[in-house]
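Subject: Structure for your review

Dear colleague,

I am handing over the structure we spoke about, together with an account of what was found in it.

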Amino acid sequence: MNAVDAATAGDAGDAGDAANAVNAGEAGDAGKPVRIAYSPCPNDTFVFDAWAHGRVPGAPALDVTFADIDVTNGMAERGELDVLKVSYAVLPWVVGEYALLPCGGALGRGCGPLVLTREPGLELTGKTVAVPSERSTAYLLFRLWAADVLPGDVGKVVVLPFHEIMPAVRDGRVDAGLVIHEARFTYRDYGLHCLADMGEHWESTTGLPIPLGAIIAKRSLGADALRALAASARTSVRMAWDDPEASRPYVRAHAQELDPAVADQHIGLYVNEFTADLGDAGYAAVRGLLTRAAAEGLVPAIAADALAFP
């Protein structure tokens, strides 16, 4: 657990209401920080830097846990913490307890997961493929791609931490790997080839942007608190855009093995207009993904209004 001290100062608008609404809700006694988990990846630290460090006027303090998204998916399924960054793919299992916030997450174009191999043009039927999680959006996109493209099923799917996937492919321990995050920019350093781009397939077949990671918050906090949390997240995003240099120490502290130029590429790709507001196109993409995945039997179907924000 990494607790980040953040002041709950100010009487400014929605963010000020956030502190009062959240402190009055299930998050705890007055003044108790909101418990949140997100990844140490550059896009998340960039988005939440201002809020985590008390620069969003009136926003509630945050008690931050850093965890990879497969861990936060599990936290959501167990009902842990107040606010979480999770895969859109896990929403069908948690949307009864958690509401989708309309901002703060990762959704865009040209940013999908890649299938990598040692040799170009490998036929994946009957092969072993490493994936970062079977409850990840990347895995859903992979399964939808495979259903459309492959003549037969892959032989075996194995789950590995995402940072172990490219070495496993390079070393021949698996035939292919499904990669996410900054691997888009670094896979050539491992001598690997891109067999297919899951996002490219999704965009070409649906015309929709690619839904990746969502910000969710407990419904039991109440509608006012949820709206105020969303306002705090949106303000934090806009403050990061207004002063990118302010977030650099936080980003670098949690991406120590990542080249700064790659971190900047990562942020540029995954933090975009949908991070500030999902909008109609963003919601259509999320509904489209979950509807298609449910039709393939990959996730439970959700109610038509399950994604509506209070």
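**R238 and the overall chain**

R238 has its place in helix α9, and with a relative accessible area of 45% this arginine is partly exposed. Its C-alpha lies 7.3 Å from that of A276, although 38 residues separate R238 and A276 in sequence. Please keep in mind throughout that the model is a predicted one.

For the protein chain as a whole, the secondary structure comes to 13 helices and eleven strands, and buried residues account for 56% of its 310 residues.

In soluble globular proteins, nonpolar side chains tend to be buried together. Here the largest nonpolar core has 53 residues, and the members that touch the most others are L84, Y88, L91, L124, F142 and W145. Helix α5, residues 137–149, supplies the largest share of this core, namely eight residues. Once the neighbours within four places in sequence are set aside, L91 is in contact with L100, I216, V286, L290 and L307. Apart from this core lies another, of 36 residues, which includes V34, L226, A263 and I267.

**Two helix pairs**

Two packed helices are described by the angle between their axes and the distance between the axes. For helix α2 (residues 42–52) and helix α9 (residues 223–242), the axes come within 7 Å and cross at roughly 110°; angles of 65 to 115 degrees count as roughly perpendicular, and α2 and α9 are therefore described in that way. On the α2 side the contact is made by F46, V47, F48, D49, A50 and W51, which meet L229, S232, A233, S236, V237, M239, A240 and W241 in α9. The residues of this contact between α2 and α9 divide into eleven nonpolar, two polar and one charged.

The second pair consists of helix α8 (residues 198–206) and helix α13 (residues 279–295), which pack at an angle of about 100° with their axes 12 Å apart, so that α8 is roughly perpendicular to α13. In this case W202, T205 and T206 of α8 meet A285, G288, L289 and R292 of α13, and the residues of the contact divide into three nonpolar, three polar and one charged.

The N-terminal end of α8 is capped by D197, a side-chain oxygen of which lies 2.9 Å from the backbone nitrogen of G199. After α8 comes G207, which has a positive phi, near 75°.

α6 is followed by G172, where phi is positive and near 80°.

T117 is found in strand β6. Is T117 buried or exposed? With a relative accessible area of 1%, T117 is buried, because the cut-off for that class is under 20%. Its side chain reaches the backbone oxygen of E119 at 2.6 Å.

L81, finally, lies in the loop between α3 (69–77) and β3 (83–87). This residue has a positive phi of about 70° although it is not a glycine, and at 11% relative accessibility L81 counts as buried.

With kind regards

Notes: Residues numbered from 1 in each chain as written. Heavy atoms only, no water. Helix = DSSP H or I, 4+ residues; strand = E, 2+ residues; numbered from the N terminus. Core = buried A, V, L, I, M, F, W, Y, C linked by side-chain atoms within 4.5 Å. Buried < 20%, exposed > 50% of the residue type's maximum accessible area, 1.4 Å probe, protein only. Contact = heavy atoms within 4.5 Å. Polar contact = N/O pair within 3.5 Å; in protein donor to acceptor, adjacent residues only side chain to side chain. Axes fitted to C-alpha atoms, helices over the stretch in contact; angles between N-to-C directions. Parallel < 35°, antiparallel > 145°, perpendicular 65-115°, else oblique. Nonpolar A, V, L, I, M, F, W, Y, C, P; charged D, E, K, R; others polar.
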